[in-house]
Amino acid sequence: MTTLSEIFPRARRLAYETRQQSGSFPTPSFLTTLKSLEADLDTLDTLVAKESASGRQIWKRKLHGLKEDAAAARRVVDRHGRASDAGAAHRRERDELLHRRRRVADGGDVGNLVDEGASLGRSLNEVTDMLESGKGSLGELKAQRKRMTGVQGALADMADTLGISSSVMRIVQRRDVTDRYIVYGGIALTLIVMYLCW
């Protein structure tokens, strides 16, 4: 039967090795070391549970650092795994697109061209719908501006009766101008994005 004093030094050595290798791309030896470390930590957890209450707290503190090292190494492996998966998916999509393009160029695959034309038609319909929606929103904004102009006049009358200073009114008017620039900038940005997408 193994004891805590036998497994802990080995786990500490494995944690040190994973820390040293974690800066580079995970190699098979790194993965083997990490799996061994995780297995030792599981064994240590079960052995610590059998210790007395005072001994359990001491061992838990000792194991905490090793568990953090193992978790950091696992994050490195997961990050590299996600990066390699994303790279493989990107290469697969690129190859598929290039293969499709060669097929169209070689044989004039009419079916793909018909599908592309249908897709372009759907895209045109969607852009037309977006433009109609934009026109409707612009009309609503114009109507809202008219209402707000009336409200601004009513507020000016109320401010005169309440005695609000003219400097406060200038700040409010400057804010109105700034808001107008923000709206026009947003409209211009939206049009540029739509133009680039189309």
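The legends below describe several views of a predicted model of a single chain.

View 1. The chain holds five helices and zero strands, and its elements, followed from the N terminus on, run α-α-α-α-α. Of the contacts in the chain with a separation of 6 or more, 62% are accounted for by residues 24 or more positions apart. Buried residues make up 14% of the 198 residues, while the chain as a whole exposes about 15100 Å², of which carbon and sulfur atoms supply 59%.

**View 2. Close-up of the nonpolar patch on the surface.** Leu138, Leu141, Val183, Tyr184, Ile187 and Leu191 together form this patch, and their accessible area comes to about 550 Å². Two helices, helix 4 (110-162) and helix 5 (166-197), each supply at least two residues of the patch. Helix 5 gives the most, contributing four residues, and Tyr184, one of the residues that form the patch, has its place in helix 5.

**View 3. Close-up of Thr33 and the residues around it.** Thr33 is found in helix 2, which spans residues 28-49. With a relative accessible area of 10%, Thr33 counts as buried, because this value lies under the 20% cut-off used for buried residues. When residues up to four places away in sequence are not counted, Thr33 touches Leu14, Glu17 and Thr18.

Key
Residues numbered from 1 in each chain as written. Predicted model: local features only at pLDDT ≥ 70, side-chain atom pairs only at ≥ 80, totals over all residues. Heavy atoms only, no water. Patch = residues over 30% accessible without salt bridge, like charges linked within 9 Å, V, L, I, M, F, W, Y side chains within 5 Å. Areas by Shrake-Rupley, 256 points an atom, 1.4 Å probe, with all protein chains shown as cover. Salt bridge = Lys/Arg side-chain N within 4 Å of Asp/Glu carboxyl O. Buried < 20%, exposed > 50% of the residue type's maximum accessible area, 1.4 Å probe, protein only. Contact = heavy atoms within 4.5 Å.
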